[in-house]
Amino acid sequence: IIHIPHTDDTQAAELIINNEIDESLDMRPRLIETVMIRAPHVTTFSGREKPYGYTDWWPISMYFNTLEEPYTDPRVRWAMAYAVDQEQLVEVGWIGAGSSTSHFYPAYPGLVAYIDSIGDILEEYNPLEVNLEKSADLMIEAGFEKDSEGFWVKDGVRPDADIWAGVPLFGDIAPITAEQLRKAGFDANHVTPPDVWDGKNDGRAMLHFFGHGGSVKDPFTTMDMYHIRNQKPTGEACGNNRPRWGNETYSEIVDDLSVLSPDDPATFDLFREAMTIWYKELPEVPLIQWHHRTPWNTTYWTGWPSPENPYNTSCWHLT
């Protein structure tokens, strides 16, 4: 086994196209589609068809620092949610190779029944709805007005709406999200300072992109991330509670869930109660289901994973 340290996505693409490697780190949709076009010997979990991979356990959200103004106000958070068009992120940023999400769970079979059980809640609180009129009404209600350039201000100050999102991981969707927010009156840009990952963790980033490594079969693990005991002040590493959100009632429900078996019918009732609070508060904006788009070279090796032969070869942390 020869391991070549991964330094650049495009370099990895050239290596597998030229039959010099058998597998690489996962790639972004546009790049792996280029590989599919140029290299008939390369396949993915979904073969040579979109989404060029499989659904990972890491759905992506845009997180707020809910401890800092103006993101302490759910009205501002919802105003931004109404400005974000998740379908456009998939169609433009991901060339249609993926799917949007209204929740923070991976689209795995064990979780589907839980998501289906809150269909009415998602109708009332729908983060996939794009509605600039609702967005503007909420900002005005929260005490904002637009300045001469059309951006929201409060007491003459524009809120920090820059999105911290690393490249290349989020370089295809973060600029689109920033432009969507700008069209809704938020002075947003996609920023990638050298310490972008540190800024996400210590709370300097008022908005940032990241995923969830939590539930895969029942909802408790992800729900527990938002327990108030996991809330950290700005300046400390956020841990699993990336939005630094805290709600006592929600946390009490999670405590009640912690002593129940996942197949206890009461879990659905408690899940609904907790999710009603979560969506009303909206500590983050769910965006997309994440995919591992790993290219595999069939020149020398066969039997790579597929829907008919599902196993894991991902060669990085926690896989």
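Reader: What are helix 3 and helix 12 to each other?

Author: They are roughly perpendicular to each other, because their axes cross at roughly 80°. Those axes come within 8 Å. Angles under 35 degrees count as roughly parallel, over 145 as roughly antiparallel, 65 to 115 as roughly perpendicular and the rest as oblique.

Reader: Where do the axes and helix numbers come from?

Author: Axes are lines fitted to C-alpha atoms, for helices over the stretch in contact, and angles run from 0 to 180 degrees between N-to-C directions. Helices (H or I, at least four residues) and strands (E, at least two) are DSSP runs, numbered from the N terminus.

Reader: What sort of model is this?

Author: A predicted one: local features need pLDDT of at least 70, side-chain atom pairs count only at pLDDT 80 or more, and totals for chains, interfaces and linings use all residues. Residues are numbered from 1 along each chain as its sequence is written, and side-chain values use heavy atoms, with hydrogens and water left out.

Reader: Back to helix 3 and helix 12. Which residues make the contact?

Author: Helix 3 brings Pro74, Arg77 and Trp78, and helix 12 brings Tyr279, Lys280 and Glu281. Contact means heavy atoms within 4.5 Å. By class that is three nonpolar, no polar and three charged residues. Ala, Val, Leu, Ile, Met, Phe, Trp, Tyr, Cys and Pro count as nonpolar, Asp, Glu, Lys and Arg as charged, and the others, Gly among them, as polar.

Reader: And helix 3 with helix 7? At what angle do the axes cross?

Author: Roughly 160°, with the axes of helix 3 (residues 74–83) and helix 7 (residues 132–141) coming within 8 Å. Helix 3 and helix 7 are therefore roughly antiparallel to each other.

Reader: Left-handed or right-handed crossing?

Author: Left-handed, for helix 3 passing helix 7. A crossing is left-handed if the near helix is turned anticlockwise from the far one by less than a right angle, and right-handed if clockwise.

Reader: Which residues meet there?

Author: From helix 3, Arg75, Val76, Trp78, Ala79, Tyr82 and Ala83; from helix 7, Leu132, Lys134, Ser135, Leu138, Met139 and Glu141. The contact of helix 3 with helix 7 has eight nonpolar, one polar and three charged residues.

Reader: What about helix 5 and helix 12? How many Å apart are their axes?

Author: 10 Å, and helix 5 (residues 109–117) packs on helix 12 (residues 266–281) at an angle of about 55°. That makes helix 5 oblique to helix 12. Ala113, Tyr114, Ile115 and Ser117 of helix 5 make the contact with Thr267, Phe268, Phe271 and Arg272 of helix 12.

Reader: What stands out about Tyr52?

Author: Tyr52 has a positive phi of about 60° although it is not a glycine. Tyr52 lies in the loop between strand 1 and strand 2. Most residues other than glycine have a negative phi, and most peptide bonds are trans.
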